[in-house]
Amino acid sequence: MFSRRVRPLGVPTRARSYATHPGAVTNAFLKRTRRGGALDLHPEVQEALAARRPIVALETALVTNGVAPPVNLEIARKLESIVRAQGAVPATIGIVEGRVKIGLQDAELERLADTEGNKNIVKVSRRDIGPAIGLRRDGGTTICSTLIFAHMAGIKVIATGGLGGVHRGGENNISADLHELSRRNVGVVSGGIKSILDIGRTLEYLETLGVPVLTYGETYDFPAFYCGKSEFKTNWKVNNPRAAADILKAQWRLGLENGTLFAAPIPDEYASQGAEIQAAVDQAILESEMNGVSKKGKEVTPWLLARVVELTGGKSLQSNLALLENAAVIGGKIAVEYAKLEAEEAHEDSTKTSRSSTTSNKTFSDPKEKQRPEPREQSPTSSEFRTPSKLVVIGASAIDITGRVAPSDGEKHVEVSQTTAPGTVSLTIGGVARNIAEAAHRILSSGPGADPHATLLVSPVGQDEFAPFLLDEHARLNMRSDGFLRSEDARTAVCDMVLDASGALVGGVADMDIIRNVSEKEVLQRLNEESPSLVVMDGNMLSSTLSAVLTRFCNRQKPIDFFFEPTSSSKSISILPAILDQLITNKNDSTRSPVTYASPNLLELSLMYREADSETHGLINHRLWWDVINSFNLGSEWRMDLEQLGRQPACPSKDKGNLSFLVTEGIAQMAVNLLPFFQNLIIKCGERGVVVAMRISGQDVESTAWANERSNPLRRYIVAKGIHSKEIVVLKHFPAIVMEKDEIVSVTGAGDSLVGALCASIVSDPSTFHDPRKLDTAIQLAQKAAVLSLHSVRAISPLLRKDESSL
C-alpha cells in the first residue's frame, strides 16, 4: 500500500557529510546561504557545530500553535534551559521574516510566541517551507520541518513532545513527520505518538518506512503519550544515553539515511492521571467526528488538543509539559554522549596520524602516549618543516577552566558570591600568546598561499597532569609543537574563570608562575634557529626576557619587527624597561621606534603613557623622544583636524556617542607621545572600535601611500607631515562591528583574536600599515576575528580562517 522512493544505486548519500570535521557542517550551511537559501545559524550553534559540541534541536510549532501566550514562551525558555543543564546547546528552530533560524535570539523567540499580536505567523511543515520563506512570513516549525533543518545543519538529536502519525479512522491522513523521519538521519526523542492518533497504525507505517522505534526505558512497552504504556510493544529498548548515541552513530557510519525514534514514557508522577486524560481524548475525538472537525485536515489537531485541555481542566497541559521536559533531559544527555563519541573518534584518528608521523618524521610524540612533554632537544627543529617560521609568538600557554552560570528564569545576572550556582564548566586551552598564535595560524594555514608551518609558538609547559591535555589539544590544531619549552619543576599555567550568564567575567584564579620563570637564555636559544619577519611577545614575560629578545632583533643589520601585546594593565608597563635598555645600548643615531607594534586597550595606553613620563623610566625626557616629537611638527592644523574628527560618531549605525573621547580623555595626545617608542599603536576601544596611531619615517616616507593622503575627518583619519616631510603621523578610527549583548557568548579571547589576525596580515604583507586600503582590510579582518571569538565559548573560534566570506 505504501511505497517509498529508493535512491538509485551509485548516488552517494549525504548523511555522513555533516560531521566529518569541524567547520564542514558550517561550510555546507554557508554554501546554501550564499545561494540565497535564507538560512541563519545562531553564533552559539555555529560554533558548537564547528567544535563538535552537543546540540539539541527544538521545534517551535509548540510555541506558535500548541500553547497559548504567555505559557508558550515560558515553556520554550524552560526547554532551552533544561537542554543547557545537561551540557548541550539548544537550537530552537523557527522562521522569522522568511529566514530560517537555527537557534533563536530571545527577541525572535518572543516574536514567535506573540501569537495574539503577530498575525503573520504560520505553522510550517515541509509543504509550507517555500511559501513561508518566499512570502517572508514568520513560522513555527513542526517536527517534519525541524527534522529537515536540523539534518541540514548537522544536528543529530531533536527533543519534542509527541510525534505525528496516522489519524484514527484516517488511513490517508498521515503526518508528514513520518516520511521525513525516514529521510533524515536524526534521533527524535519524544513521548511517543500524539494521543489523538492511531498508535498501532503509526507503528506499522514506521516499520514500512524502515524507521527504528525504541522504547527509552526498562521495558518494551511503547508509551501511550499520557500513559506510561500502551497495548503495543517495540522490538528494541534502550535505557541509557550512551547506548542511544551508539545506535545513532552506527547508522551514521553505515550511511543510512533514516532517523530513529526514541519513545520515552511519561514520568511516573504524571502517569497516574493518564487514564483520565485518555478518556477525555476519546471524547474529544468522538465530538470531532460528530461536529465535522475531523474532516478539516490541519485544523483537526489544534482543535482536539484544545478540547482535551478544556475537558481535563488543564491536567493534559501539565502532562504535556512533563513529557516535553523529560524529552529535553533525555535528548540533552544523548547529544552529550554522541559528542563524546565524535571526540573519541577524532582522537583515535589524530592518534593514528600522530603515531604515523612520529615513526616517519620523529616529530613531537603524542602526548597521550607519553603522558608528559618530551625534552626540547627531542622535538623537531624548524628544518624538519617545509618552511621556516614567518611569525614567532612568545609567551603564555595555559589551560582555561571556565564556569558559566546558567540563567535563572530568564535572568542573566545570577548572584554567585560565596555559593555555587547551576551552570556549565568547560576545559579548553588558552593563554595570551597561545591564543594569538592559534588565531594567526588559522588564517595563515587557510586560503590561497596557505602555510601550516608559518607560525611558531614558544611557550613553557610543565610535567603535571595538565600538560598532556594542553599538548594534545595543540596537536589537534595541526600547529607546530617544537617551540614548547620543558619545565621540570613548574606547574603548567592554569586560569580558572567564572562567567555570569551573559558571558562577563565574575572572577577567577590564575596560576601563571611558570611563564615568569622562563629564562631569557632558554628563549634566545630557541630563537637562534629562527629568522621570522615578525616576533610577538605578551606582557606575561619578565622584563629581562623582553629586553633580551628586543635587543637581539633590533640590533640586527636588518631589524626584525617586534609586536608587544600588553596582556593587562599591570603588565602593560613591563615593556618600558626593555625600551629603555634598547635606547641605552643603541650606538647609532637612529630614531627608529624600538617596538614596531603594540596593541593596548584604553586603560593600558593610559598607564603606559603615565609610566613612560614618570621618573622611574624617564622615557619621555630621553633625547630620542625630543628629536622625534619635534620632527612631527604638529601644530594648529593638526589640532583643528583632531577636533573635527572628534565630532564624528563612534558608530555610524548605532548611538555610541562620538569620537570626542580622543580629545577629552587625552587618547590622541597620549598615543602621539608614545610613537617615538611604539611605531604603530593599535588601540582597542571596546564598543567604540579601534584607533590606529602610527608614524612613518625615513625611507618609508618615500614609498608609503600615506604620503599622498591629506586629513579627511569625515573618513575618520587625519594625517600630519613633519619637517622636510621626513615624518608622517596618521591617526585613524575604525568603528566596531555592531553586536547585540545577547549575541555575546564569552568575552575571553576577543582581543587575542584581533591581535592574531592582525599579525597574520602583517606577516602576509609587511607593507600593510603603509597602504590605507591594506590597513582597512587588515583591521576589518581582525575585528571580524574578534566578533567570532565573542560568539564562541572558545577563546579562538574554530570558524576563523582567511576566507572572509566565512566570517
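**View 1. Helix α20 makes a right-handed crossing with helix α21.** A crossing is right-handed if the near helix is turned clockwise from the far one by less than a right angle, and left-handed if anticlockwise. The model is predicted: local features need pLDDT of at least 70 and side-chain atom pairs pLDDT 80 or more, while totals for chains, interfaces and linings use all residues. Residues are numbered from 1 along each chain as its sequence is written, and side-chain values use heavy atoms, without hydrogens and water. The axes of α20 (residues 543–554) and α21 (residues 576–585), lines fitted to C-alpha atoms over the stretch in contact, come within 8 Å and cross at roughly 40 degrees. The two helices are therefore oblique to each other, a class for angles that are not under 35 degrees (roughly parallel), over 145 (roughly antiparallel) or 65 to 115 (roughly perpendicular). Ser543, Leu546, Ser547, Leu550, Thr551 and Cys554 of α20 meet Pro577, Ala578, Ile579, Asp581 and Gln582 of α21, contact meaning heavy atoms within 4.5 Å. These residues divide into 6 nonpolar, 4 polar and 1 charged.

**View 2. Strand β26 pairs with strand β27.** The two strands, residues 717–721 and 727–734, run antiparallel and are joined by 5 bridges; pairing requires at least two DSSP bridges. Ile718 has Leu731 of β27 as its bridge partner. In β26, 4 of the 5 residues are buried, that is, under 20% relative accessible area with a 1.4 Å probe, protein chains only.

**View 3. Ser753 lies in helix α28.** This helix spans residues 750–764. Ser753 counts as buried because its relative accessibility is 0%. Leaving aside residues up to four places away in sequence, Ser753 touches Ala439, Ala785, Ala786, Ser789, Ala795 and Ile796.

Technical notes. Buried < 20%, exposed > 50% of the residue type's maximum accessible area, 1.4 Å probe, protein only. Axes fitted to C-alpha atoms, helices over the stretch in contact; angles between N-to-C directions. Nonpolar A, V, L, I, M, F, W, Y, C, P; charged D, E, K, R; others polar.
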